[in-house]
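Here are a few friendly notes to read beside the model. Please keep the picture open as you go through the points.

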Amino acid sequence: MVDGILYVVYAGLLLSSLCSIIFSLKARRSIDPHKRGITQAKSNISMGFMLLFLAMIQMFMFTGSTIRVVVGAIFMVLGAFNIFAGFRNYGIFSRQRAD
């Protein structure tokens, strides 16, 4: 059961890492500031999920030492903040284009 969860978490980590790299490259190469903001917001969202998946790997794979719990908690907080900021920025930039 735990092995199946780990495979799903590893697949999510790989997918979110690839999305983060692709969106980051697209944002850096974009000339249009609106498109750059939308793409950077998508990059923040995928990076947040990547950090959450890393925290899940810390929780499921290793025994609960204090340092690993603290690192996992920091990754979770940073990941949640990146997801929140990405969705907020995505909403701001998508409404900005409609005006």
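Predicted model: local features only at pLDDT ≥ 70, side-chain atom pairs only at ≥ 80, totals over all residues.

1. In what order do the elements of the chain run from the N terminus on? They run α-α-α, and the chain has 3 helices and 0 strands. Helices (H or I, at least four residues) and strands (E, at least two) are DSSP runs, numbered from the N terminus.

2. Residues are numbered from 1 along each chain as its sequence is written, and side-chain values use heavy atoms, with hydrogens and water left out.

3. Now for the overall picture. Along the principal axes, the C-alpha atoms of the chain fill a box of roughly 50 × 20 × 20 Å. Of the 99 residues in the chain, 33% are buried. Buried means under 20% relative accessible area, exposed means over 50%, and partly exposed lies in between (1.4 Å probe, protein chains only). Among contacts (heavy atoms within 4.5 Å) with a separation of 6 or more, 73% join residues 24 or more positions apart.

4. Look next at how H1 and H2 pack. Their axes are 8 Å apart, at an angle of about 155°, which makes H1 roughly antiparallel to H2. Axes are lines fitted to C-alpha atoms, for helices over the stretch in contact, and angles run from 0 to 180 degrees between N-to-C directions. Angles over 145 degrees count as roughly antiparallel, under 35 as roughly parallel, 65 to 115 as roughly perpendicular, and the rest as oblique.

5. Which residues form the largest nonpolar core? The 5 residues are Val9, Leu13, Met50, Phe53 and Ile57. A nonpolar core is a set of buried Ala, Val, Leu, Ile, Met, Phe, Trp, Tyr and Cys residues joined through side-chain atoms within 4.5 Å. In soluble globular proteins, nonpolar side chains tend to be buried together.

6. Serine 16, in helix H1, deserves a look too. Is serine 16 buried or exposed? Serine 16 counts as buried because its relative accessibility is 7%. Leaving out residues up to four places away in sequence, serine 16 touches Ser46, Phe49, Met50 and Phe53. Its side chain also reaches the backbone oxygen of leucine 13 at 3.1 Å. Seen from methionine 50, the contacts beyond neighbours within four places in sequence are Leu13, Ser16 and Ser17.

7. Glycine 48 is found in helix H2 and counts as buried because its relative accessibility is 0%. Apart from residues up to four places away in sequence, glycine 48 touches Gly79, Asn82 and Ile83. Asparagine 82 is found in helix H3 (residues 66-98) and, at 16% relative accessibility, counts as buried. Beyond neighbours within four places in sequence, asparagine 82 is in contact with Asn44, Ile45, Met47, Gly48 and Leu51.

8. Finally, find lysine 42 in helix H2. Lysine 42 is partly exposed, with a relative accessible area of 33%. Not counting residues up to four places away in sequence, lysine 42 touches Phe23 and Tyr90.

Technical notes
Polar contact = N/O pair within 3.5 Å; in protein donor to acceptor, adjacent residues only side chain to side chain.
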